[in-house]
Amino acid sequence: MSDDITLPGSVRAIVIDTNATGNGQFDIEILGTLAKALTKLPEIEIWIPEPVMWEWAAHAQQIYNEYVEKNNAVSKRLGRTGIALRLSRIQDTERQDIQRAILRRIEELDHPFRILRLRDYPEIAITALQDQVLLRTPAKRKFDVKTGAADSASLRLACTAAANRDIDWVIVSADPDISRALKEWQISTAKTFPNIKALRSAILATEPIEIRFVRFVYQGAWQQLGDLGTGLVSLGDIHDAGISGEVLDSSNRYLSLDLQVESLHHIVSLRSVEVDREANLGTAEIVALGDVELAGWNMDHFGEKLVADYGTAYDTLITIAMTFTVGAEDAVDVRVEDCRVSPRETRFMDGIDALENLFRAISEMPGFAELPSSRSEILASPTWFRTINGKSVAIIFDASSDRNNFREWTVTSKVGSSDISIFGHFEEPRVNGGIEDEMRPSFVISSSDGLGLHAMTRFLLTRVYDVQDLPEVAIDDHGMMPTISRDRREGPVEED
């Protein structure tokens, strides 16, 4: 894989491999960021080979099935306690066909997306099967089972489609077997990018710029956020990104919803720093923790009063969209545009889920695009070194005592002489504070400051980019206390 991050100007197609989204799953948000980056390059298409679609759909169905089995097992076990659970057993007749839904969603994607169909090149299916049976690259033997037909078919579809149109193309893949196949097949013109973030940086030519602007954007953002309390600055439109279902009764159909950010605590990350060189404009996102109040309004049973269900979520994720103007050497006129509020993940289904979430959060920060973000990538490169903003940075994954099951692991980040370690481990299932008696996933990420996985991104923000003026507001460790509170209030109906 080349260290050159530029995108050749002759490229007319981008091929997406199964692991291009970083976790081997269909992720419409990540793919959407790539499509957005291509807005000014309408001649470039995004190709999704049909076997990649099938693998995404199969992975999603497997995750759903595993969740149902865990849910039903916990529901059965706790059902004997006699407590009221929001958890309920999912019957076989109620199971969703996630596979079909994923395939339908992909087929609905319009330009710049294009699906490469095997039916258009039926000979490729035969060749791909031969590759697997004969163990020709990219096929291999895994635990005495021959695999690789899907990889071969996807790659051959891309090669054939590009050759028929006589165009240059690149591929987004972190799979070493794909790189090996391109080399053995002597396809030197197809450049490989490890993930979509790295490719987007190449398309927008922002990688060197985004690092240079991080401090300026942060300083401008912090000044803006500091003015929130005085009323001089607002957060603009506040968008619900899943928090209402966490805070209020998801089964209630409210007439209206009001969302208000009550306070901001730690800033834990800065990401998506992008610069439009022609317009001298840039965008970025600040990720902070804060307290959010949400009100869901309905009429009472008599139609006489408006009744509001109020809920407050503490230490939830608040993603603030910023814009700025590119100056000669800095970012100026930093402005808050809007924000979205989403639940903060503090517990995970298993060690792999937690690990991939951690590495994905780090890889979104400027300079960390090439950080591995899937289980296979992390195992293949457990120690990652880079020089970012003139700093020597290392991220080290260690699960030596339980490498196969991921029941315990440690991730350490070192920047110069400073370092931080966070730990992933299982805890016994527990009830959420008695508010709803709701079971939580039992894998947690621990840090000394209570920030969990965000302790790592906050550490990197301060050490790599010399941002030392982060607020030191203590984050309470709620422990067995609820992270959500609810109540009901009434008010008169306003007459016209």
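The largest nonpolar core of this predicted model has 73 residues, and L358, F368, W409, V411 and L460 are those with the most contacts inside it. A nonpolar core here is a set of buried Ala, Val, Leu, Ile, Met, Phe, Trp, Tyr and Cys residues joined through side-chain atoms within 4.5 Å. Buried means under 20% relative accessible area, exposed over 50% and partly exposed in between, with a 1.4 Å probe and protein chains only. A second, separate core of 35 residues includes L7, V11, A35 and W56.

A word on how to read the numbers: residues count from 1 along each chain as its sequence is written, and side-chain values use heavy atoms, with hydrogens and water left out. Since the model is predicted, local features need pLDDT of at least 70 and side-chain atom pairs count only at pLDDT 80 or more, while totals for chains, interfaces and linings use all residues.

**The chain as a whole**

- The protein chain comes to 12 helices and 19 strands; helices (H or I, at least four residues) and strands (E, at least two) are DSSP runs, numbered from the N terminus.
- Of the 496 residues in the protein chain, 48% are buried.
- Among contacts (heavy atoms within 4.5 Å) with a separation of 6 or more, 68% join residues 24 or more positions apart.

**The antiparallel open sheet and its helices**

- Six strands make an open sheet with antiparallel pairing, in the order β13-β18-β17-β16-β15-β14; two strands pair if DSSP finds at least two bridges between them.
- β17 (residues 418–426) pairs with β18 (residues 443–446) over 4 bridges in the antiparallel sense, and F426 stands opposite F443 in β18.
- β14 and β15 pair over 6 bridges, again antiparallel, with I388 bridged to K391 in β15.
- The β14–β15 hairpin has 2 residues between its strands, and N389 in the turn has a positive phi of about 55°.
- Helix α10 (residues 351–363) lies across β13, β15 (391–398), β16 (408–415), β17 and β18, at about 15° to β16; axes are lines fitted to C-alpha atoms, for helices over the stretch in contact, and angles run from 0 to 180 degrees between N-to-C directions.
- Helix α12 (residues 454–464) also packs on the sheet, where it touches β14, β15, β16 and β17 and makes about 10° with the direction of β16.
- F368, leaving aside neighbours within four places in sequence, is in contact with I362, S363, W384, I388, V393, I395, L460, V464 and Y465.

- Five strands form an open sheet with parallel pairing, ordered β3-β2-β1-β6-β7.
- Its edge strands, β3 (113–116) and β7 (191–193), pair on one side only.
- On average, neighbouring strands of this sheet are turned by 30° against each other, direction ignored.
- β2 (residues 45–49) and β3 pair in the parallel sense over 4 bridges, and I46 has F113 of β3 as its bridge partner.
- Helix α2 lies across β1 (11–16), β2 and β3, running at about 65° to β2.
- V52 sits in α2 and counts as buried because its relative accessibility is 0%.
- Beyond its neighbours within four places in sequence, V52 is in contact with I16, D17, T18 and S154.

**How α2 meets α3**

- α2 (residues 50–79) packs against α3 (residues 98–107) at an angle of about 145°, with axes 8 Å apart.
- The α2 residues M53, W54, W56, A57, A58, A60, Q61 and Y64 meet I98, Q99, I102, L103, I106 and E107 of α3.
- By class, this contact has 11 nonpolar, 2 polar and 1 charged residues; Ala, Val, Leu, Ile, Met, Phe, Trp, Tyr, Cys and Pro count as nonpolar, Asp, Glu, Lys and Arg as charged, and the others, Gly among them, as polar.

**Strand β10 and its partners**

- In β10 (residues 281–299), 16 of the 19 residues are buried.
- β9 (residues 256–276) pairs with β10 over 15 antiparallel bridges, and S269 has V287 of β10 as its bridge partner.
- β10 also joins β11 (residues 305–326) through 18 bridges, with the strands running antiparallel; W297 is bridged to A308 in β11.
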